[in-house]
Amino acid sequence: NTLKKRYVIIKQVLAAHPEYKQAFEAMPCNSGYFMCVKPLGVDAEELRQTLIKDFSTGTIMLSGLIRVAFSAVPTEKLPKLFENIYNAVKKLQA
(Lines give C-alpha, C1' and ligand atoms only; values in the text may rest on other atoms or scores of the structure.)
Protein backbone atom coordinates (compact mmCIF):
# COMPACT_ATOMS: atom_id res chain seq x y z
CA ASN A 1 0.00 0.00 0.00
CA THR A 2 2.87 2.39 0.78
CA LEU A 3 4.47 1.89 -2.62
CA LYS A 4 1.13 2.34 -4.37
CA LYS A 5 0.57 5.55 -2.40
CA ARG A 6 3.97 6.88 -3.53
CA TYR A 7 3.19 6.01 -7.14
CA VAL A 8 -0.17 7.81 -6.96
CA ILE A 9 1.43 10.88 -5.38
CA ILE A 10 4.04 11.02 -8.15
CA LYS A 11 1.35 10.84 -10.82
CA GLN A 12 -0.54 13.66 -9.05
CA VAL A 13 2.59 15.81 -8.70
CA LEU A 14 3.47 15.44 -12.37
CA ALA A 15 -0.11 16.17 -13.46
CA ALA A 16 -0.26 19.27 -11.23
CA HIS A 17 2.94 20.70 -12.72
CA PRO A 18 2.78 20.78 -16.52
CA GLU A 19 5.80 23.13 -16.47
CA TYR A 20 7.95 20.15 -15.53
CA LYS A 21 7.59 18.98 -19.15
CA GLN A 22 9.89 21.88 -20.10
CA ALA A 23 12.66 20.33 -18.03
CA PHE A 24 12.22 16.57 -18.14
CA GLU A 25 10.15 13.75 -19.55
CA ALA A 26 8.86 11.16 -17.10
CA MET A 27 9.50 7.77 -18.64
CA PRO A 28 6.81 5.07 -18.49
CA CYS A 29 6.90 3.34 -15.14
CA ASN A 30 5.09 0.38 -13.66
CA SER A 31 7.38 -0.24 -10.71
CA GLY A 32 6.73 0.63 -7.12
CA TYR A 33 10.40 1.28 -6.47
CA PHE A 34 11.91 3.62 -9.02
CA MET A 35 11.32 5.56 -12.19
CA CYS A 36 13.44 7.38 -14.73
CA VAL A 37 13.22 10.88 -16.10
CA LYS A 38 14.83 12.10 -19.29
CA PRO A 39 16.33 15.57 -18.81
CA LEU A 40 15.69 17.95 -21.69
CA GLY A 41 18.55 20.00 -23.07
CA VAL A 42 21.06 19.10 -20.36
CA ASP A 43 23.52 16.29 -19.74
CA ALA A 44 22.18 13.67 -17.33
CA GLU A 45 25.48 13.28 -15.47
CA GLU A 46 25.80 17.04 -15.06
CA LEU A 47 22.23 17.09 -13.77
CA ARG A 48 22.98 14.29 -11.30
CA GLN A 49 25.96 16.21 -9.98
CA THR A 50 23.97 19.44 -9.70
CA LEU A 51 21.16 17.68 -7.87
CA ILE A 52 23.49 16.29 -5.23
CA LYS A 53 25.66 19.41 -4.88
CA ASP A 54 23.07 22.18 -5.00
CA PHE A 55 19.80 20.43 -4.05
CA SER A 56 20.90 17.63 -1.66
CA THR A 57 19.07 15.18 -3.92
CA GLY A 58 20.71 11.87 -4.76
CA THR A 59 19.90 10.12 -8.01
CA ILE A 60 21.61 7.71 -10.40
CA MET A 61 22.48 8.49 -14.01
CA LEU A 62 21.74 5.60 -16.32
CA SER A 63 22.13 5.79 -20.12
CA GLY A 64 21.26 9.49 -20.31
CA LEU A 65 18.39 9.16 -17.85
CA ILE A 66 18.05 10.09 -14.20
CA ARG A 67 16.87 7.18 -12.08
CA VAL A 68 14.82 8.18 -9.06
CA ALA A 69 14.35 5.62 -6.29
CA PHE A 70 11.07 6.93 -4.94
CA SER A 71 10.66 3.88 -2.71
CA ALA A 72 13.27 5.45 -0.41
CA VAL A 73 11.62 8.88 -0.28
CA PRO A 74 9.08 9.73 2.42
CA THR A 75 5.72 10.46 0.80
CA GLU A 76 5.62 14.04 2.08
CA LYS A 77 8.95 14.75 0.31
CA LEU A 78 7.95 13.46 -3.12
CA PRO A 79 6.70 16.85 -4.39
CA LYS A 80 10.01 18.44 -3.34
CA LEU A 81 11.96 15.72 -5.13
CA PHE A 82 10.42 16.59 -8.48
CA GLU A 83 10.61 20.31 -7.77
CA ASN A 84 14.35 19.86 -7.19
CA ILE A 85 14.78 18.01 -10.49
CA TYR A 86 12.87 20.74 -12.31
CA ASN A 87 14.89 23.53 -10.67
CA ALA A 88 18.20 21.79 -11.32
CA VAL A 89 17.40 21.33 -15.03
CA LYS A 90 16.28 24.96 -15.34
CA LYS A 91 19.52 26.06 -13.65
CA LEU A 92 21.57 24.08 -16.15
CA GLN A 93 19.47 25.27 -19.10
CA ALA A 94 20.18 28.92 -18.21
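The questions and answers below go through a predicted model and the reasons behind its labels.

Q: Why is Cys29 called buried?
A: Its relative accessibility is 18%. Buried means under 20%. Cys29 therefore counts as buried.

Q: Why does Cys36 count as buried?
A: The cut-off is under 20% relative accessible area. Cys36 has 14% relative accessibility, so Cys36 counts as buried.

Q: How do you know that Cys29 is in no disulfide?
A: A disulfide needs two cysteine sulfur atoms within 2.5 Å. For Cys29 the nearest cysteine sulfur is that of Cys36, 8.5 Å away.

Q: What is the case for Cys36, and what does the count of disulfides come to?
A: For Cys36 the nearest cysteine sulfur is that of Cys29, 8.5 Å away, and Cys36 is in no disulfide. The count by this rule is 0 disulfides.

Q: What makes Met61 partly exposed?
A: Partly exposed lies between buried, under 20%, and exposed, over 50%. Met61 has a relative accessible area of 32%, so the label is partly exposed. Met61 sits in strand S3.

Q: What is Met61 in contact with, leaving aside its neighbours within four places in sequence?
A: Contact means heavy atoms within 4.5 Å. By that rule Met61 is in contact with Ala44, Glu45, Arg48 and Ile66, leaving aside neighbours within four places in sequence.

Q: Why is Glu83 called partly exposed?
A: Its relative accessible area is 33%. The label covers values between under 20% and over 50%, so Glu83 is partly exposed. Glu83 lies in helix H3.

Q: What makes S1 and S3 edge strands?
A: The sheet is open, with 4 strands in the order S1-S2-S4-S3 and antiparallel pairing. Strand S1 (24-26) and strand S3 (60-62) each pair on one side only, and they are the edge strands. From one strand to the next, the twist averages 35°.

Q: How does the span of H3 compare with the expected value?
A: H3 has 16 residues. The expected span is 1.5 Å times one less than the number of residues. That gives an expected 22 Å; H3 reaches 23 Å from its first C-alpha to its last, which is close.

Q: Where does H3 lie on the sheet?
A: Helix H3 (residues 78-93) lies across S1, strand S2 (35-39) and S4. H3 runs at about 20° to S2.

Q: Which residues of H3 are buried, and what covers them?
A: The buried residues are Leu78, Leu81, Phe82, Asn84, Ile85, Tyr86, Ala88 and Val89. Their cover includes helix H1 (2-16), S1, S2, helix H2 (44-55) and S4.

Q: Which residues touch the most other members of the largest nonpolar core?
A: Among the 25 residues of this core, they are Phe24, Met35, Phe82 and Ile85. H1, S2, H2, S4 and H3 each supply at least two residues. H3 gives the most, with 7 residues.

Q: What is Phe82 in contact with beyond its neighbours within four places in sequence?
A: Phe82 is in contact with Ile10, Val13, Leu14, Tyr20, Phe24, Met35 and Val37.

Key:
Residues are numbered from 1 along each chain as its sequence is written. This is a predicted model: local features need pLDDT of at least 70, side-chain atom pairs count only at pLDDT 80 or more; totals for chains, interfaces and linings use all residues. Side-chain values use heavy atoms; hydrogens and water are left out. Two strands pair if DSSP finds at least two bridges between them. Axes are lines fitted to C-alpha atoms, for helices over the stretch in contact, and angles run from 0 to 180 degrees between N-to-C directions. Buried means under 20% relative accessible area, exposed over 50%, partly exposed in between (1.4 Å probe, protein chains only). A nonpolar core is a set of buried Ala, Val, Leu, Ile, Met, Phe, Trp, Tyr and Cys residues joined through side-chain atoms within 4.5 Å.
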